[in-house]
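Reader: I want to learn how to read salt bridges and nonpolar cores. Please start with the salt bridges.

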Amino acid sequence: MIYIFVFMVCSATMLHKKAYAAATDDWLIQLGAFHSQALATQTWQKLNAKHAALLDGLTAEYQETGNDKGETLFRLRAGRFATRDEAKMRCDDLQKQGGACFVVKQPLPAPEQPPPADSTKGNAIIWGGADFTSKSFYSYLGSVYALSGQNIYSDSGFLLRTSLGYGQYKYNKIGFPNTEVSGSVRAADLMLGYKHAFDNGGVTLYLGGSIENHNLSANDAGNSVNGTHAGFAANMDAQIRPTDNITLMGMGSYASANQSYWSHFAAGYTFRSSPIGAVTIGPTAGIAGGKNYQQRRLGLSVSDINLGFANAFTYAGYSRDQNDSGSGYAGFGLDHSF
């Protein structure tokens, strides 16, 4: 039997207002510069909650720029004000309450805004990939769709998830260490889920059903996983970004068909000036099992690789099974949102 560990790191794009004041209003207050659009938007939401009276009626504007290190930054500015004195007065009041800001002049047209949350970008995701060990491979294809049209990365709401998989594997027959059994597996699932999103992460729970078909060679026809089995399935994933550069995530799944389970944990640090652009690198660990089977994994992953048409990730490491037999493993995956 074979199980797949998949590492996915999501990025967030949040809702913001898009109205502007009259064309003569050229003055704004700058509230900071951040390494991501998501962090700039989250900061604006937190400032609005803390200084609601002072920021009431102001519109957030985001400007992409760069620094002398070649890094991309997103300026967070609010306004607009007709005169510099009006902007300075508001900034002074904010500073008295512990906020940080300064006054800038930026004539309209304003910098290009990110798409609003009701656009189609991020309402659905498709992904695929493959996983390899010395005695197995597994390929998969899946999708998630936002049932209420919400942004999957950043908004709470109901989701529909489905996936398909195919693999081949070999193992030694239990009690006969010199007898090798070969098999193939086809799997599918369909689950309804709900994501609870918060400022720097989210938790998603899926419930539904799955089906597996294992076709084993004749010399192990008595293995209980042989044949087609269907049943209840559950999946949960959670991720949090405690800082702009650090991502922590965990995933887990259980299927009553063949009593299979798997879990995966990862920590990543985002390097924004790597030779291939911003990427996230970090350690991974996981455990999976089922009837007469268990595997433990330790490895390293590289994710958030921007290929233009899709984001990519890759990973490699070392695994041990229930018989303490060791093997290297590696894999890759792609995901695309629309």
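Author: A salt bridge is a side-chain nitrogen of Lys or Arg within 4 Å of a carboxyl oxygen of Asp or Glu. Here Arg 80 and Glu 61 pair in this way, 3.0 Å from N to O. Arg 80 sits in strand β3 (residues 72-81) and Glu 61 in strand β2 (residues 59-66), so the bridge ties together parts 19 residues apart in sequence. Strands are DSSP runs (E, at least two residues), and helices are too (H or I, at least four), numbered from the N terminus.

Author: This is a predicted model: local features need pLDDT of at least 70, side-chain atom pairs count only at pLDDT 80 or more, and totals for chains, interfaces and linings use all residues. Residues are numbered from 1 along each chain as its sequence is written, and side-chain values use heavy atoms, with hydrogens and water left out.

Reader: Are Arg 80 and Glu 61 buried or exposed?

Author: Buried means under 20% relative accessible area, exposed over 50%, partly exposed in between (1.4 Å probe, protein chains only). Both Arg 80 and Glu 61 are buried.

Reader: Which residue forms a salt bridge with Asp 131?

Author: Arg 297 does, with the closest N and O atoms 3.0 Å apart. Arg 297 lies in strand β14 (residues 293-306) and Asp 131 in strand β5, so this pair links parts 166 residues apart in sequence. Both are buried.

Reader: How many residues has the largest nonpolar core?

Author: A nonpolar core is a set of buried Ala, Val, Leu, Ile, Met, Phe, Trp, Tyr and Cys residues joined through side-chain atoms within 4.5 Å. The largest has 22 residues. β6 gives the most to this core, four residues.
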